[in-house]
Number of protein chains: 2
Amino acid sequence: MSLLRNFALGTVSVMALTSVAQASELRDNALEMFAALPSTVPALNENVITQEKIDLGKALFFDPRMSASGVFSCNSCHNLGTGGDDNMPTSIGHGWQKGPRNSPTVLNAVFNEAQFWDGRAADLAEQAKGPVQAGVEMANTPDNVLATLNSMPQYQDWFKASFPDEADPVTFDNFAKAIEAFEATLITPAPFDAFLNGDDNALTDQQKAGLGLFMDKGCASCHNGVNLGGTGYFPFGLIEKPGADVLPPDDKGRFQVTATADDSYVFRAAPLRNIDQTAPYFHSGKVWDLRVAVAIMGTSQLGTELTEPEVDDIVAFLGALSGKMPEVTYPILPAETATTPRPTGEVVPN
Amino acid sequence: MSLLRNFALGTVSVMALTSVAQASELRDNALEMFAALPSTVPALNENVITQEKIDLGKALFFDPRMSASGVFSCNSCHNLGTGGDDNMPTSIGHGWQKGPRNSPTVLNAVFNEAQFWDGRAADLAEQAKGPVQAGVEMANTPDNVLATLNSMPQYQDWFKASFPDEADPVTFDNFAKAIEAFEATLITPAPFDAFLNGDDNALTDQQKAGLGLFMDKGCASCHNGVNLGGTGYFPFGLIEKPGADVLPPDDKGRFQVTATADDSYVFRAAPLRNIDQTAPYFHSGKVWDLRVAVAIMGTSQLGTELTEPEVDDIVAFLGALSGKMPEVTYPILPAETATTPRPTGEVVPN
């Protein structure tokens, strides 16, 4: 009896040791491809982050008066309550027009090398200027944004506090910088970070198997770094083009930025943090099921027909990328004044 | 010197006493017409308020998936960052359609005797069912709302925790009750409450003068109670009809509810808390300037041409009705699942 018991305990210990060794090896391999989120808000290029700037950026991010109609704020399409995106194939904007591509999550976006599906904005400040002006999104102009901000003394004070060394701080550049500062705080530490940081038990066995497959099958060749994506450009359909529903022929991706033939149907590898919160998938937003999306990636990018159990394991691993959402107190915005430009839903042809 | 000093001190004391007596008389008069906000969340009819229900209601209030398109949440038109309304003449809704009337504030709305401009909903729970189904607003159906909620296990758990005695708690009635419970917490104590509660210094001299005028001129005949309005129905244009821009002939107000000739152009007296945060004014939303709105009320309802200084004083008093906004942590909403109904921006003709 006691022999049996010792034997059994011995087996458990050996298994535990093996498991520890396996986890350690898996982590070593993973750390060659991925990095955990930092514990502090990252420094930004030429944009010192202060609490004043974060607070101003938060107000701007949630203020629907930054759109011509008064209907849309940044948070409309990058909703912090639903994974930092809007859960639609492509967003609905000014005049009920549809945007051309699926809205990407704002969460952890500061760690992407460039912004938008085609990487046409170098950073979040440059990105923030886009949707505000896009006719199918917020349909506003920089002049009207500044007139709106200048009409409210509270906004003027907030800009002064955020950019204390500037004589005339209410500028469209500073508008974008404040939003960037707020967005840089939107970081979601996940079980995968805990695993990378040394906690063997942060991932389930299935998630560890999925992580192994994610690296072995080649997913991590494109989806790597802090965000498991967001750092490089790759043709969608590298091995085999997916159907026209998933890859519409008229959206040539990065070609529209570089006008280089090689960039036809090239897109920035999607960052994968919180991916199970941000259906539907791909730039076209046509795939609702993460399992289907993973299978499509297998055939189109890797030339591999992933088995169902493999897909299950990878999807389980992707679940470990969903992190703790930032706690955000809803901002109280300044009231309009007599000089605030009035909202207009009018659709002006381009 | 010491005589002079005593004399001066004596004068101040007499003045202070007079001022205290005046403030006390003003307060006594005011307390006959108005009431301060209570210090606790009010009890609701057949809807016990629990923290679980408030939290569920908050999630529902902010969830754009309660609309058919996924674009609009309750907060879209009753934005807690901008005075509990949307700062538009009339709201823009599903399919970029315009609503018929100005969006009223949700703040302190629990103290209104009935909801909507025409009082067609008895309480906030009944009100909450309206915009969700209105074709020009959220364009959803109760069935689709329930299918959406039932598709997300987290919502099912929240409903169970909020309605623990019910076998099948995910119902459209409970959806509305949870929203009502959250909205009942949206109370904004203001300087006017502090004055009613005994603080002479809570109002400036001009605000006190404005309060006096507000009562003497007759404004308080309709705008009284906790919300200075929201409790009775009155013809707009009692003495003199305002122009057709402000009172469009095709909107007959409460007549549309009661079909009684006497109710033509009858509306619920607008509640006035936070009124300086909620331009534009009137059910038509056509007046942006609070001073103009006050002057129109003078001529149309009281037959009085208020002087500019009188308007200034009354507007100053109305400013004392703007209170401390509730601090709301933005909710993290459940992620969709495979069975969540997909958003559709399609406009279905009635």
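Colleague: Where is the place of Pro280(A)?
Modeller: Helices and strands are DSSP runs, numbered from the N terminus; a helix (H or I) needs at least four residues, a strand (E) at least two. Pro280(A) sits in the loop between strand E2 (266–268) and helix H12 (290–302) of chain A. Keep in mind that this is a predicted model: local features need pLDDT of at least 70, side-chain atom pairs count only at pLDDT 80 or more, and totals for chains, interfaces and linings use all residues. Residues are numbered from 1 along each chain as its sequence is written, chains are lettered from A and ligands numbered from 1 in the order in which they are written, and side-chain values use heavy atoms, with hydrogens and water left out.

Colleague: Which peptide bond there is cis?
Modeller: Most residues other than glycine have a negative phi, and most peptide bonds are trans. The bond from Ala279(A) to Pro280(A) is cis, with omega near -5°. In chain B, a cis bond joins Ala279(B) and Pro280(B), with omega about -5°. Pro280(B) lies in the loop between strand E2 (266–268) and helix H11 (290–302) of chain B.

Colleague: What is phi of Phe116(A)?
Modeller: Phi of Phe116(A) is near 75°, a positive value in a residue other than glycine. Phe116(A) belongs to the loop between helix H3 (74–77) and helix H4 (124–133) of chain A. Ala259(A), not a glycine either, has a positive phi of about 55°. Ala259(A) is in the loop between helix H11 (255–258) and E2 of chain A.

Colleague: Is Phe116(A) buried or exposed?
Modeller: Relative accessible area decides it: under 20% is buried, over 50% exposed, and in between partly exposed (1.4 Å probe, protein chains only). Phe116(A) counts as buried because its relative accessibility is 16%. Ala259(A) has a relative accessible area of 60%, so it is exposed.

Colleague: What does Gln127(B) touch?
Modeller: Contact means heavy atoms within 4.5 Å. Leaving out residues up to four places away in sequence, Gln127(B) touches Gln115(B), Phe116(B) and Ala121(B). Gln127(B) is in helix H4 of chain B, while Gln115(B) is in the loop between helix H3 (74–77) and helix H4 (124–133) of that chain. The two are twelve residues apart along the chain, and their C-alpha atoms are separated by 6.3 Å. Gln127(B) counts as buried, at 12% relative accessibility. So does Gln115(B), at 5%.

Colleague: How many salt bridges does the structure hold over all chains?
Modeller: A salt bridge is a side-chain nitrogen of Lys or Arg within 4 Å of a carboxyl oxygen of Asp or Glu. A search of the whole structure finds 22. One joins Asp312(A) and Arg291(A), whose closest N and O atoms are 2.6 Å apart. That pair links distant parts of the chain: Asp312(A) in helix H13 and Arg291(A) in helix H12, 21 residues apart. Asp312(A) is partly exposed, with a relative accessible area of 30%. Arg291(A) also counts as partly exposed, at 30% relative accessibility.

Colleague: Which side chain meets Arg101(B) in a salt bridge?
Modeller: Asp118(B) does, at 2.9 Å, N to O. Both residues are in the loop between H3 and H4 of chain B, 17 residues apart. Arg101(B) counts as buried, at 13% relative accessibility. Asp118(B) does too, at 3%. In chain A, salt bridges that share partners join Arg101(A), Asp118(A), Arg120(A) and Asp251(A) into one network. Within it, the side chains of Asp118(A) and Arg120(A) meet at 3.1 Å, N to O.

Colleague: How many aromatic pairs are there over all chains?
Modeller: Rings of Phe, Tyr and Trp (its six-membered ring) pair if their centres lie within 6.5 Å; planes under 30 degrees apart are stacked, over 60 edge-to-face, the rest tilted. The structure holds 27 such pairs. Phe214(A) and Phe317(A) form a tilted one, 5.3 Å centre to centre, with 55° between the planes. Phe214(A) is in helix H9 (residues 205–216) and Phe317(A) in helix H13 (residues 308–319), 103 residues apart. Both are buried. Ring pairs also link residues of chains A and B into a cluster, among them Phe61(A), Tyr330(A), Phe61(B) and Tyr330(B).

Colleague: How many residues of chain A are in contact with chain B?
Modeller: 36 residues of chain A contact 37 residues of chain B. Buried area is the accessible area (1.4 Å probe) that two parts lose on being put together, summed over both. Here it is about 3100 Å², with carbon and sulfur atoms giving 65%. Trp96(A), Trp288(A) and Tyr330(A) supply 24% of the area that chain A buries against chain B, more than any other three residues. Between the two chains, the salt bridge count is zero.
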